[in-house]
Amino acid sequence: MNRVALFSHHACSAHDPGPGHPECPDRLRAVLAALDHRDFANLLREQAPLATEAQLCLAHPAAYVRDILSLHPSDDELRALDPDTFVGPGSVVAARHAAGAAIAAVDSVMEGWADAAFAAVRPPGHHAERQQAMGFCLFSNAAIAAEHASRHWGLKRVAVVDFDVHHGNGTQHILETDPAFLYVSSHQYPCYPGTGAASETGYSRNVVNLPLAPGSGSSAFRAAWENKGLPALRAFKPELLIVSAGFDAHRIDPLAQINLETEDFGWITDQLMAASGGRLVSLLEGGYDLMALAASAALHVRRLITAPL
Ligand SMILES: [Zn+2]
């Protein structure tokens, strides 16, 4: 049994992007309710701290960070940062806790009191570009965590794996210029945000994209990882693996057409644990059917606890 830390914060439920928005507060409530079960009694439950301005600047220019932190919408006001990305009164604090959870999760496995960690947070992060909020995301949680691992902990090889059904354009663009990082993503293609072709291989050949056609399912997903994604990850020999864990490739998710079963998320979790180098940090990204999200995230965390490291 692995020691697994769970980072979350009630402020992450106070981010409300408006009525009918798929990235809704109930997502986090559903995940936390599924983890409120005796199977998870041994999770090391921690409050996610606020990321500092300096930590947010690990992946974003100071001017962008200041612009986001200066947004103070009044009650009932929603600011649109792009057609999908809205900031309400609780959003900026939620985003700071989400990024803070990613950093604290890295610290937990680097300090050695956890083998793996899961950040149950929102808003998600993998679409946020260096200087642009997009796709429900304000700050690039995974890239901030990777940069923190590199600069604070001195790691030379940090991998980010992203199995959200959408390509993590922001994570790729922030990390692809530095060979200390490897980014591997499976995603529906073509689909939002439009990036993630197999021909995008990074400036240091440190990006591996595994595009999956709409209508694919478990066998195509597993084959892409077995044939290309996992071999690239093993060859890189990461000292730390950061996972952008989105569960919207589930067959009943309303936002995409990759037809994974809940068990596929257990399978990929086992594979990633085995290739992680002994330290794995997982960050919640997408997943928009509440029942599928809760079941898939719970299975993911269960396998973080039980998978051989
Ligand atoms: Zn997604």
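**The zinc site and beyond**

Author: The zinc ion is coordinated by D164 (OD), D164 (OD), H166 (ND1) and D248 (OD), at 2.0 to 2.8 Å. Donors here are N, O and S atoms within 2.8 Å of the metal (3.2 Å for Na, K and Ca); water is not among the atoms, so sites may look incomplete. This is a predicted model, where local features need pLDDT of at least 70, side-chain atom pairs count only at pLDDT 80 or more, and totals for chains, interfaces and linings use all residues. Residues are numbered from 1 along each chain as its sequence is written, and side-chain values use heavy atoms, with hydrogens and water left out.

The geometry of the zinc site is irregular, with angles of 52 to 155° among its 4 donor atoms. Four donors count as tetrahedral if all angles lie between 85 and 135 degrees; four count as square planar and six as octahedral if opposite donors are over 155 degrees apart and all others between 65 and 115; anything else is irregular. Along the chain, the donors follow the spacing D-x1-H-x81-D. H166 sits in the loop between β6 (158–162) and α6 (169–175), and D248 in the loop between β9 (240–245) and α8 (262–274), so the pair ties together parts that are 82 residues apart in sequence. Helices (H or I, at least four residues) and strands (E, at least two) are DSSP runs, numbered from the N terminus. Both H166 and D248 are buried. Buried means under 20% relative accessible area, exposed over 50%, partly exposed in between (1.4 Å probe, protein chains only).

Now the aromatic rings. F163, F247 and F265 form one aromatic cluster. Rings of Phe, Tyr and Trp (its six-membered ring) pair if their centres lie within 6.5 Å; planes under 30 degrees apart count as stacked, over 60 as edge-to-face and the rest as tilted. The structure holds 7 aromatic pairs. In one of them, Y64 and F139 have ring centres 6.4 Å apart and planes at 90°, so the pair is edge-to-face. Y64 is in helix α3 (residues 62–69) and F139 in the loop between β5 (116–119) and α5 (141–151), 75 residues apart. Both Y64 and F139 are buried. F221 and W267 also pair edge-to-face, at 6.4 Å centre to centre and 65° between the planes. F221 belongs to helix α7 (residues 218–236) and W267 to helix α8, 46 residues apart. F221 and W267 are both buried.
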